Amino acid sequence: MSESTPNGDRQPRTGKSLKAQQRRQEILQIAMDTFAARGYNNASLQEIADRAGVTQAGVLHYFRSKPQLLTSVLALRDETDIEQLGPERPRGLAFLNHLVDTARRNTEREGIVRLYAVLSAESVTEGHPAQDYFRDRYAGLRAFVTEALAEACELGETRPDLDLEEAATAIIAVMDGLQIQWLLAPDSVDMGASTDRVITALLADIAGKTA
């Protein structure tokens, strides 16, 4: 059963024992692998339950529904990114270098890269439960990259003829596109080097326009 706070608000079900917490993490990891391999729409709770060695009711004991399970999987993915980012978001050129480092590190976490590629593409379909998540994620990332570009080029107020958000959108598009190419041909694609090249070229272009 779910727990209640003193004011009566319902809280998510959480395992009280270490064993229950470990079981929840196991189910979460299996769900992550299954969604990455088959997509959200094609993966069933029963399949995830079978792989975890529990009943479907056992999965629903920890996650009330399939959409909540997906939300928890995406939250786990974000926790991994936050851990790599550190206690404070870097600024300016340091943040842009962080993007390059992230592209390089992604070659060591194929499962998470596949999960992101599959679910982000699938989220454009009508009624997909991750649609708001990815819409908000892209909006936030565009804002961060736009700000970092301005800081890296030591710009004050952005000039109307200098569309940094367009440049930020291009960087994100390149990074996402590289992930798909890398998943299909990992020996032929260097995500870190390609991301670095694009960011360097855009910074040079911005610097030329501000000179």
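This is a predicted model: local features need pLDDT of at least 70, side-chain atom pairs count only at pLDDT 80 or more; totals for chains, interfaces and linings use all residues.
1. Thr 210 is partly exposed because its relative accessibility is 30%, where buried means under 20% relative accessible area, exposed over 50% and partly exposed in between, computed with a 1.4 Å probe on protein chains only. The residue belongs to helix H9 (residues 191–210); helices are DSSP runs of H or I with at least four residues, numbered from the N terminus. Between Thr 210 and Leu 162 the C-alpha to C-alpha distance is 8.4 Å, with 48 residues separating them in sequence.

2. Residues are numbered from 1 along each chain as its sequence is written, and side-chain values use heavy atoms, with hydrogens and water left out.

3. Helix H7 (residues 131–152) packs against helix H8 (residues 164–184) at an angle of about 120°, and their axes are 8 Å apart. The axes are lines fitted to C-alpha atoms over the stretch in contact, and angles run from 0 to 180 degrees between N-to-C directions. H7 is therefore oblique to H8, given that angles under 35 degrees count as roughly parallel, over 145 as roughly antiparallel, 65 to 115 as roughly perpendicular and the rest as oblique.

4. The contact of H7 with H8 (heavy atoms within 4.5 Å) involves, among others, Tyr 138, Leu 141 and Arg 142 in H7 and Leu 164, Glu 165 and Asp 176 in H8. The residues of this contact comprise ten nonpolar, two polar and three charged. Here Ala, Val, Leu, Ile, Met, Phe, Trp, Tyr, Cys and Pro count as nonpolar, Asp, Glu, Lys and Arg as charged, and the others, Gly among them, as polar.

5. Aromatic pairs are counted for rings of Phe, Tyr and Trp (its six-membered ring) with centres within 6.5 Å; planes under 30 degrees apart count as stacked, over 60 as edge-to-face and the rest as tilted. The count comes to four aromatic pairs. Tyr 116 and Phe 134 are edge-to-face because their ring centres are 5.5 Å apart and their planes lie at 70°. This pair links distant parts of the chain, Tyr 116 in helix H6 (residues 110–122) and Phe 134 in helix H7, 18 residues apart.

6. Tyr 116 is buried at 5% relative accessible area, and Phe 134 is buried at 2%. Tyr 133 and Phe 134 are also edge-to-face, at 4.9 Å centre to centre and 90° between the planes. Tyr 116, Tyr 133 and Phe 134 form one aromatic cluster.

How values were computed:
Helices (H or I, at least four residues) and strands (E, at least two) are DSSP runs, numbered from the N terminus.
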